[in-house]
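Grab a pencil and work through these exercises with the model open beside you. Try each task on your own before you read its solution.

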Amino acid sequence: MKKEVEKVSIVRCRNYNQSIVDRAVIKVLKLAEIKFPKRKKVLIKPNIVVGNAKNPIAVLTNPSIVEAVCKILKKNNCKIYIGESSFMNTDVAFKKSGIGNIAKKYGKLVIFEQDKLIKIRDKKAKVLKNFYLAKTFKNVDLIINIPKLKTHQLTKYTGAIKNLYGCIPGGMKQKLHYKAKSEKVFSSLLVDIYQNIKPEVNIMDAVIGMEGKGPTSGKPKKAGYLLASKNAISLDVVASKLIGYNPKNILMIKEAVKRKLGSFKFNLERIEKIPNLHFKKPVVSGKLTKRVLKILKEKPIVVDEKECIKCGLCAQKCPAKAIKLKPFPVVDKKKCIRCFCCMEICPQDALSLKE
C-alpha cells in the first residue's frame with residue numbers, strides 16, 4: 001500500500017496581534033487536518049534559545065502563538081506543560097520571553113534540566129546512542145513543537161527538527177556540540193534526538209523570522225506566515241524551500257529522509273499563492289567550492305570591541321574551552337570547533353567571522 005504524502009499547511013498571519021494569531025492558528029491546524037485531543041496531558045516545546053537576545057521578536061517563538069495553542073487545549077480540558085532548556089538560565093529566558101507568564105496562566109512551566117531525568121538508549125542512533133531527557137516527555141500524551149523560522153550558521157536552516165535540540169537538558173548541549181564538531185555529524189545527532197521524541201504536532205512561527213547570522217545574531221525578516229504539519233521533516237522541507245534553500249542540501253533533513261522518518265514529497269495546503277521569501281543566507285552556506293569552504297573554516301572568529309561588554313559568557317559556554325578574555329575575547333583557532341556557540345550566546349552580537 002502506497003504511503004500517503006504528509007500535509008503541510010501555510011496561512012497568512014501578518015503580525016502578532018493576539019486575535020489575528022488566534023484565527024491563523026485555528027486555520028492552519030484545520031488545513032493540516034490536525035485535531036487536538038480532549039482531557040490529555042500535552043507538552044508544548046517553543047524555541048526560547050536565549051533570554052538575552054538582542055532581537056527577541058526574530059529569535060524566539062512569539063508568546064502569542066503559544067497562547068493561541070493553549071486556548072484551544074484549555075477548551076479541550078487538557079493539562080498543559082510548556083517546557084524548554086535554553087542555552088543558559090532557562091528560568092530567566094522563560095520570564096524575558098513572556099512565555100513564562102503564559103505557562104502560569106494555562107498550565108505548568110517545565111525547565112528540563114530541573115526535571116527528573118530519564119536515560120534514553122537508542123541502538124539505531126548514529127551518534128547519540130545514550131542520552132538524557134526530562135521525565136515529562138514520557139508522562140505526556142502529546143508533544144507540540146513550535147519552532148521559529150531562521151537561518152543557521154552551522155546547519156544553514158533551523159526549524160522543527162533543530163528546535164528539539166532544546167530538549168537536551170542544561171549543559172549537556174555544550175558537551176554534545178563538542179562531540180559533534182562537523183555539520184554532518186551534528187545533523188545526524190539532531191535526527192537521533194528527533195527519532196526519540198517525534199512530536200505529533202508542529203506549528204512554525206514564520207511571522208517574523210531571522211536571516212543571515214542566525215539563529216540569534218542575524219537580522220529580523222518579516223515573512224507573515226504560520227505553517228503546520230503532523231510531520232516535522234515535511235514542515236522543514238517546505239519552510240527551507242520557502243526561504244530559498246534546496247531541502248536536499250540541508251543535511252539534517254537529508255539524514256531524516258534517509259532514515260525514512262519523512263519525505264521530500266509533501267502535500268501543500270494553502271489559501272493563496274506563496275512567494276519565495278529569499279532570506280539572506282549565512283556566509284558559511286550555499287554551493288561553495290572546497291577551496292572556499294576551507295577558507296571559511298579557517299576564518300577567525302573576531303570581536304567587535306565597541307559592542308563587547310566583556311561579560312565572559314562566550315568563554316563560559318565554549319564547549320572546546322577555546323576562548324579567553326584578554327580583556328576582550330580571543331579565540332584559539334587550534335581549539336575552536338566552529339560550533340558558533342559563542343556567537344549564539346553573545347548578548348551584544350559582538351562576535352562574528354572575520355570579513
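**Exercise 1.** How are H9 and H11 oriented to each other: roughly parallel, roughly perpendicular or oblique?

*Solution.* Keep in mind that you're looking at a predicted model.

Step 1: Get the numbers. H9 and helix H11 (residues 251–258) have axes 8 Å apart and pack at an angle of about 50°.

Step 2: Compare with the cut-offs. Angles under 35 degrees count as roughly parallel, and 65 to 115 as roughly perpendicular. The two helices, H9 and H11, are therefore oblique to each other.

Step 3: The crossing in which H9 passes H11 is right-handed.

Step 4: Find who touches whom. H9 brings Glu183, Lys184, Ser187, Ser188, Leu190 and Val191 to the contact, while H11 brings Leu251, Met252, Glu255 and Ala256. A handy rule for reading such lists: an α-helix has 3.6 residues a turn, so residues three or four places apart point the same way.

**Exercise 2.** Which residues of H11 are buried, and what covers them?

*Solution.* 

Step 1: List the buried ones. They're Met252, Ile253, Glu255, Ala256 and Val257.

Step 2: Look at the cover. It includes strand E9 (156–158), H7, H9 and helix H10 (232–242).

**Exercise 3.** At roughly what angle do the axes of helix H3 and helix H5 cross, and which residues make the contact?

*Solution.* 

Step 1: Take the geometry. The axes of H3 (residues 63–75) and H5 (residues 99–106) cross at roughly 10° and come within 10 Å.

Step 2: Name the arrangement. With that angle, H3 is roughly parallel to H5.

Step 3: On the H3 side you'll find Pro63, Val66, Glu67, Cys70, Lys71 and Lys74, and on the H5 side Ile99, Ile102, Lys105 and Tyr106.

**Exercise 4.** How many aromatic pairs does a search of the whole structure find? Work out how each one is arranged.

*Solution.* A pair of aromatic rings is described by the distance of the centres and the angle of the planes.

Step 1: Count. The search of the whole structure turns up two aromatic pairs.

Step 2: Classify one of them. Phenylalanine 112 and phenylalanine 137 have ring centres 5.0 Å apart and planes at 40°, so this pair is tilted.

Step 3: Phenylalanine 112 is in the loop between strand E4 (108–111) and strand E5 (117–121), and phenylalanine 137 is in helix H6 (residues 136–139), so-called distant parts of the chain, 25 residues apart. Phenylalanine 112 is buried at a relative accessible area of 0%, and phenylalanine 137 is buried at 7%.

Step 4: Do the other pair. Tyrosine 165 and phenylalanine 186 are 5.2 Å centre to centre with 85° between the planes, an edge-to-face pair. This pair also links distant parts of the chain, 21 residues apart: tyrosine 165 is in the loop between helix H7 (160–163) and helix H8 (172–179), and phenylalanine 186 is in helix H9 (residues 183–197).

Step 5: Check burial here too. Tyrosine 165 is buried at 4% relative accessible area, and phenylalanine 186 is buried at 0%.

**Exercise 5.** Is asparagine 145 buried or exposed, and what does it contact?

*Solution.* 

Step 1: Locate asparagine 145. You'll find it in strand E7 (residues 142–146).

Step 2: Apply the cut-off. Buried means under 20% relative accessible area. Asparagine 145 has 0%, so it's buried.

Step 3: Look around. Leaving aside neighbours within four places in sequence, the contacts of asparagine 145 include Lys45, Ala160, Pro199 and Ile203.

**Exercise 6.** Where does histidine 278 lie, and what is its phi?

*Solution.* 

Step 1: Find the place. Histidine 278 is in the loop between strand E12 (267–270) and helix H12 (290–298).

Step 2: Read the angle. Histidine 278 isn't a glycine, yet its phi is positive, about 50°.

Step 3: Check exposure. With a relative accessible area of 56%, histidine 278 is exposed.

Note on methods:
Residues numbered from 1 in each chain as written. Predicted model: local features only at pLDDT ≥ 70, side-chain atom pairs only at ≥ 80, totals over all residues. Heavy atoms only, no water. Phe/Tyr/Trp six-rings, centres within 6.5 Å; stacked < 30°, edge-to-face > 60°. Helix = DSSP H or I, 4+ residues; strand = E, 2+ residues; numbered from the N terminus. Buried < 20%, exposed > 50% of the residue type's maximum accessible area, 1.4 Å probe, protein only. Contact = heavy atoms within 4.5 Å. Axes fitted to C-alpha atoms, helices over the stretch in contact; angles between N-to-C directions. Parallel < 35°, antiparallel > 145°, perpendicular 65-115°, else oblique. Left-handed = near helix turned anticlockwise from the far one by under 90°.
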